Amino acid sequence: MARLDPPKAHDPRWRKFFGFDAVKWAHERLAAGESARLGIMGGTFDPVHFGHLHCAERVREACGLDMVLFMPTFIPNFKQGKVCADALDRLAMCRLAVAGNLAFCASDRELARGRVTYTVDTLRELRDELPEGTQVVFILGADSLASIMRWREAESLPVLAEYAAVTRPGYEVSPDLLERLGEAGFKVTLVEAAGLDVSSTEVRERLAEGRSARYLVPDSVLRYVESRSLYKECQPTLRAQDEAPSAQDALSAEFFEARKAELAKRVSPKRFAHVMGVVDMCERLACAYGVDVPTARLAGLLHDWDKGLDDEGIWERAANLGLDEVLDPWVFANMPQVLHAHTAAVALSREFPQIPREVIQAVDRHTVGDENMTPLEMVLYCADCLEEGRQFGDIPELRKLVGQVSLDELFFRVYEFWALMLLSRRNQLHPVTMNVWNALIAKRQLRREEND
Ligand code: ATP
Ligand code: MG
């Protein structure tokens, strides 16, 4: 029987920007006979700075961690009212800061809850969800270690994780503290590191006073701070919990109409007509193949969100979003025509956090596809090609297949058509095309054998 490879660990680019599924990651590693040692770096990250990155990297090394998650808290327990930047900005900055390190990821797990978060709840949730065999190490600086006994349900913390504390200038970890923690059952590794004397407080003060924070904070984060005009003065701007929009809002008619009106201003009339054709085709395909219709329509509406930009414009936008640091440099330099999918996905997820993640991922994958496309992603990909306004080549014939063949087969045929067209036009091919093609062939063979 033909062998189908298990789904690969997440595309690092996706992981960087749209969150990381720690549970899936752990399952995959354990199934492959690898270790799954997961570090959790909690904090306000207001903003993230080199002290945090340094601390995480030293622990990763000392404790042999396979992955470190930077997890900003929604509203920090001891800091309510003192926070300057919006939760989503803090998350976005973490994503930029970890972009260059494949062993680091940002996680929206605490933010996604949308309420005051305690470490004990997060660790308990992770324990419940992670497969047995995953080791969780909670990372903190020396200052935080000193207060851990005062955290909520401190008595439950020792069984939920191990702890790794990094020395921090200005804070001492006394043998007495370590002894008391040991008596309380905590397993603590003290990582002695050359201290980086930097704090978010200092960074905020510098920025508010118009002084430089370079080399205290990654450049990409500083660019973000500037583009969002953060820390000009320190004001609490956290979104009230009950105002936080939900995924349901994003699937409402109001949200659709508001984005449609915006899109009409972002793209040419011709492009707008194409997009509305894709929306209709998404609906038709969703009905034919049992995909949620409002979700598919929204994906159709948003897929060309950034298509109004020319090459220069799209490069600039991609760089401003930090994509130049995570995309394949060759693709970035040579294929501006595919960048709009990635910029749209990143920008939309930041501006409208209520948009369901599956929609964002479908937008992200609508140009080159992926080896493991979800039904929604295949619907959008096919709709983009098969909308009624497109008449060239085999498209009218392919359109007749809707509902006649399975969604997998339709996607295969549409992908094949595009790939052949690109070759016949002697265009460059995105390097991922080959992987997608090979996966499609393997899946098709498997379908055939199952039918035999
Ligand atoms: P603030 O000044 O707003 O308190 P901070 O710089 O302390 O910010 P936090 O987000 O509070 O940053 O810290 C998150 C975690 O990172 C904590 O466990 C903290 O102890 C640790 N940490 C922060 N800065 C350093 C540093 N320079 N060295 C070692 N650990 C650090
Ligand atoms: Mg602090």
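Phe-45 sits in the loop between β1 and α3, in what is a predicted model, where local features need pLDDT of at least 70. Helices (H or I, at least four residues) and strands (E, at least two) are DSSP runs, numbered from the N terminus. Residues are numbered from 1 along each chain as its sequence is written.

Most residues other than glycine have a negative phi, and most peptide bonds are trans. Phe-45, though not a glycine, has a positive phi of about 50°. With a relative accessible area of 1%, Phe-45 is buried (under 20%; exposed is over 50% and partly exposed in between, using a 1.4 Å probe and protein chains only). The loop between β1 (37–43) and α3 (50–63) also holds Pro-47, and a cis peptide bond, with omega of about 0°, joins Asp-46 to Pro-47.

Another positive phi of about 50° turns up at Glu-153, again not a glycine. Glu-153 lies in the loop between α7 (142–147) and α8 (157–160) and is partly exposed, at a relative accessible area of 30%.

Then there is Arg-365, in the loop between α19 (357–364) and α20 (375–386). Arg-365 is buried, with a relative accessible area of 12%. Leaving aside neighbours within four places in sequence, Arg-365 is in contact (heavy atoms within 4.5 Å) with Asp-370, Asn-372, Met-373, Glu-377 and Tyr-381.

As for helix packing, α13 (residues 253–266) and α15 (residues 293–302) meet at an angle of about 15°, their axes 10 Å apart. Axes here are lines fitted to C-alpha atoms, for helices over the stretch in contact, and angles run from 0 to 180 degrees between N-to-C directions. In α13, Phe-255, Phe-256, Arg-259, Lys-260 and Leu-263 meet Arg-297, Leu-298, Leu-301 and Leu-302 of α15.

Conventions: Chains lettered and ligands numbered in written order. Predicted model: local features only at pLDDT ≥ 70, side-chain atom pairs only at ≥ 80, totals over all residues. Heavy atoms only, no water.
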